[in-house]
Amino acid sequence: KECFFPVDNTMSGSSSGLRDETVSDVRDRVQSMSDEFLKKYGRQRVPLRFFLLLKMIMKLFAKSGHGMFHLNDLKVLARKVCHIVKVQEFFLALNFVTSMAFAFYFPNIPHLDQFVIISPQWMCNVL
């Protein structure tokens, strides 16, 4: 059974009950990103395999703690686990995952184009 707790996310965490503009700004930005996502993908059919890739990437990070994976390793796993066989489809799926900001891929940066970054914080800590 699910519980629902209504929360006024426009108020600050203080007992003063004053509006916190930072909270409002964050809420507005999240809404804006959601609207952009719906404009881009809302009317498109997204293969379930793409969501499986997203789930697989999140599990890899949770299990290993590594925030960056070699592109070829993800291609192999995408083929075996998500049944994403064609290279073109893999990059479409990766674009979908990166557009949702769950991973970062920089195809135009030499050397970095061979990796998918799952946790920017992990990368900053390593550097």
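1. The face of helix H2 turned away from its buried side carries the exposed residues Leu 48, Lys 59, Ala 62 and Lys 63. Exposed here means over 50% relative accessible area, buried under 20%, and partly exposed in between, with a 1.4 Å probe and protein chains only. Helices (H or I, at least four residues) and strands (E, at least two) are DSSP runs numbered from the N terminus. The model is a predicted one, in which local features need pLDDT of at least 70 and side-chain atom pairs count only at pLDDT 80 or more, while totals for chains, interfaces and linings use all residues. Residues are numbered from 1 along each chain as its sequence is written, and side-chain values use heavy atoms, with hydrogens and water left out.

2. The buried residues of H2 are Phe 50, Leu 53, Leu 54, Met 56 and Ile 57. Seen down the helix axis, the buried residues of H2 fall within an arc of 160 degrees, so they line one face; the arc is taken from the directions from the axis to the C-beta atoms. They pack against helix H3 (71-81) and H4, where contact means heavy atoms within 4.5 Å.

3. The length of H2 agrees with expectation: its 17 residues (48-64) should span 24 Å at 1.5 Å a residue, and its end C-alpha atoms are 24 Å apart. The expected span is 1.5 Å times one less than the number of residues. Gly 65 follows H2 and has a positive phi, near 80 degrees.

4. Ser 119 sits in the loop between strand S3 (115-117) and helix H5 (120-126). Its relative accessibility is 11%, so Ser 119 counts as buried. Neighbours within four places in sequence aside, Ser 119 is in contact with Phe 61 and Gly 67.

5. The largest pocket holds about 260 Å³ of space. A pocket is an open set of points on a 1 Å grid over the protein atoms alone, where a 1.4 Å probe fits, with protein on both sides within 12 Å along at least five of seven lines; lining residues have an atom within 4 Å of a point. Of the 11 lining residues, Met 33, Ser 34, Phe 37, Ser 99 and Met 100 are the closest to its centre. H1 gives the largest share of the lining, 7 residues.

6. Overall, the chain has 5 helices and 3 strands, in the order α-α-β-α-α-β-β-α. Of its 127 residues, 22% count as buried.

Note on methods: Points joined across faces, edges and corners; volume = space filled by probe spheres on them.
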